[in-house]
Every structure is written in structure tokens, then in C-alpha cells.
Amino acid sequence: MTAARTGRAVGRDVVWLDGRLVAAARATIPASDRGFLYGDAVFETVRAYGGELFLWRQHHRRLTASLRAFAIAPPRADLRAAAHAVLRACGLADGAVRITVSRGSGEGLLPARDLRPTLLISAREVPAELSVQRERGVAVVLLPFGHGRGAVTDGHKTTAYLPAVLAKMRAAARRAFEGVYVERDGMVSEGATSNLFAVRRGRLLTPPLEEGCLPGVTRAIVLRLAADAGIASDAVPLAAASLHEMDEVFLTASTIELMPVVRVDGARVADGAPGAVTRLLQERYRAFVARTLARTRRQEPS
């Protein structure tokens, strides 16, 4: 089944499904959709500020690379225009837009050729408590499992998200914000939905991509902003056992931006407050967002 034509979609729970805006409650996919059956799908989450899609080109480039890596046909749609349409239909200026592309419909592990991909675009509000958490810092827990290195899905956002679901459940059970994957050798790779950074003696550290972490768009921006600020950085393996001994720890992702970590498995990081390097990079990130959005608006046709 496909979404029915609904005319003009109104309300805060509207999605784009295969070329149409439709109320989320009425949006349907076939029972044989491969994203549902096998996790045979990729996705991208883009932050919107004031109705503008932030760093759209970088997110679109990563989505395109994932589609190509798994030989999923690109959807025949203007993704940016569709994402803007969803934001407007949901009445959102600030929010998070998720673009999900499955290979299409068809049972059996070996997909048929020339399947038509399923395209779903949704938008949601950014949790209001994030601003307070960015000021105070959050707690994380170390997970007794990682996602392994060298997997074919490394570096891609696929819908095979059971480890992240379990990570969030375990974090919530311990009143923590995020779970951090610990690989078999005791090194951390990333958070369930974030990249991880630490600061030691003024130097910025983050796990290398070879550890299996996502090449985060925000991660890349933070490394660039650190270099501009004269902060040296290294992509090096980080031992889980030493994480709480770092001078500072923070997470990055498009939705949370830069999130200070003040406790790891209940142990305080330094004095239990966001550190100076984290604060500086938060300020520089906000300024970068403002500059980028202003430049985007100047380039938009009137």
C-alpha cells in the first residue's frame, strides 16, 4: 500500500512518503518493505534552524555515499525540497529532519533488480531540555558491548539500530543521557547516537574512524573549529577505563550539537562541570551555525 492523497497536509505529525505529504498516522509501507524486514535501509538526520537545513550538502553527500555503498537506488525526488515541505507542514522552524531510504519492497535476502526505493522524510522538535543539558553537562554509561570493527556498515547510518536501542535503554535505566560503546579490546568507539571527544592537557582527542565510528558531520566541524582556535587534536584510541580520568569529555551530533559529559559510569569527570575547551568550542560552534545560516540565506534566490 502507499500513502493516500490527502490534499494539503496540516498539523504537526506529517511525513513525506514516496512523493506525497501525508498524516503520519495514515502513512503506510508494504509488509514486504526491506527496510522493515531486514534493516535494508539507510538514513540521515539533518538539523534545521529557522527553517534552514544546516550543512545540507555534507549530509546529502554522506547519504549518497551510503546509497552507493549498498547499491540502493537513489530516490527520484528533490530531497531538500521535500524536507523543507515536511518542516512547513509540521509547523517547525527548528527541528530535526530524518530522511530514510529503503531498498524497496521484496522478500528474500537476495533483492530483485531495479527495486523502487521507499523514501520517508519526517521531522520532529528538538527536545527543549537539550539547552539546559548543554549548560550543565550529562552522564554517560559504558556499554559492555561494541559494534565491532571492520563491519561492512562501518561509517554508514543504517536502520540496523538494535544495538543503539539497547544502549539507550541501558542508559535510561541508569538515568544517563547516552551509552558509549566499548569494543572488545577495551577501547571506546562512539556513543549510541553521537561521536565522542575527550580533552587531556589541552589537547583534543577523539577515536579514529578505524575504530568503527561514524564520520560525523558535526565531528568534522568541531575538529576544524578546534584547529582554527589553535587547539591541537589527535584521532587516537581511547581506553574506556581512562575516560573518567580525562580533563573533559563531550559528545557531538547534529541534534545535540556539543554536549558536555560530566559523569562516566557515575564517576565525575574532573570537577564534574563542563570544561573550558568544551565551552570554547560550544561558543565557536554557535557562531559557525549563525555564519553558515546567514550565508545560506544570502545565496537563496529571492
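Let me start with Gln-282, which touches Arg-134, Leu-258 and Pro-260 once residues up to four places away in sequence are left out of the count, where a contact means heavy atoms within 4.5 Å. Gln-282 has its place in helix 7, residues 276-299, and helices here are DSSP runs of H or I with at least four residues, while strands are runs of E with at least two, both numbered from the N terminus. The relative accessible area of Gln-282 is 4%, so this residue is buried; the word buried stands for under 20% relative accessible area, exposed for over 50%, and partly exposed for what lies in between, with a 1.4 Å probe and protein chains only.

Before I go on, please keep in mind that this is a predicted model, in which local features need pLDDT of at least 70 and side-chain atom pairs count only at pLDDT 80 or more, whereas totals for chains, interfaces and linings use all residues. Residues are numbered from 1 along each chain as its sequence is written, and side-chain values use heavy atoms, with hydrogens and water left out.

Six strands make up an open sheet with antiparallel pairing, in the order 2-1-6-5-3-4, and two strands are said to pair if DSSP finds at least two bridges between them. Strand 2 (20-23) and strand 4 (52-53) are at the edges with a single partner strand each, so one side of each has no neighbour in the sheet.

Let us stay with strand 3 for a while. Strand 3, residues 41-49, pairs with strand 4 in the antiparallel sense over two bridges, and there Tyr-49 stands opposite Glu-52 of strand 4. The hairpin that these two strands form has two residues between the strands, and Gly-50 takes a positive phi near 55° in it. Strand 3 also pairs with strand 5, again in the antiparallel sense, over eight bridges, and Ser-102 in strand 5 is the bridge partner of Ala-41.

How many of the nine residues of strand 3 are buried? Nine of the nine are, so strand 3 is largely enclosed by the rest of the structure. In a regular strand the side chains alternate between the two faces of the sheet. For strand 3 both faces are covered, with Ala-41, Phe-43, Thr-45, Arg-47 and Tyr-49 buried on one side, and Val-42, Glu-44, Val-46 and Ala-48 buried on the other.

Helix 2, residues 56-69, lies across strand 3, strand 4 and strand 5 (95-102), and runs at about 175° to strand 3; the axes are lines fitted to C-alpha atoms, for helices over the stretch in contact, and the angles run from 0 to 180 degrees between N-to-C directions. Helix 3, residues 79-90, lies across strands that include strand 1 (14-17) and strand 6 (118-124), and runs at about 40° to strand 6.

Some loop residues deserve a look as well. Leu-55, in the loop between strand 4 and helix 2, has a phi near 55°, which is a positive value in a residue other than glycine, and Leu-55 is buried with a relative accessible area of 9%. Asp-114 lies in the loop between strand 5 and strand 6 and has a positive phi of about 60° although it is not a glycine.

Are Asp-114 and Leu-115 buried or exposed? Asp-114 is exposed, with a relative accessible area of 81%, whereas Leu-115 is buried, with 19%. Leu-115 lies in the loop between strand 5 and strand 6, and touches Arg-34, Ala-73, Arg-103 and Ser-105, not counting residues up to four places away in sequence. From C-alpha to C-alpha, Leu-115 and Ser-102 are 9.9 Å apart in space, and they are 13 residues apart in sequence.

Finally, a word on strand 9, residues 187-191, which is mostly covered, since four of its five residues are buried. Strand 9 is joined by two bridges to strand 8, residues 178-182, and the two run antiparallel, with Val-188 in strand 9 as the bridge partner of Val-182. Strand 8 and strand 9 form a hairpin with four residues between them, and Gly-186 in the turn has a positive phi of about 85°. Two bridges also join strand 9 to strand 13, residues 238-239, in an antiparallel run, where Ala-239 in strand 13 is the bridge partner of Met-187.
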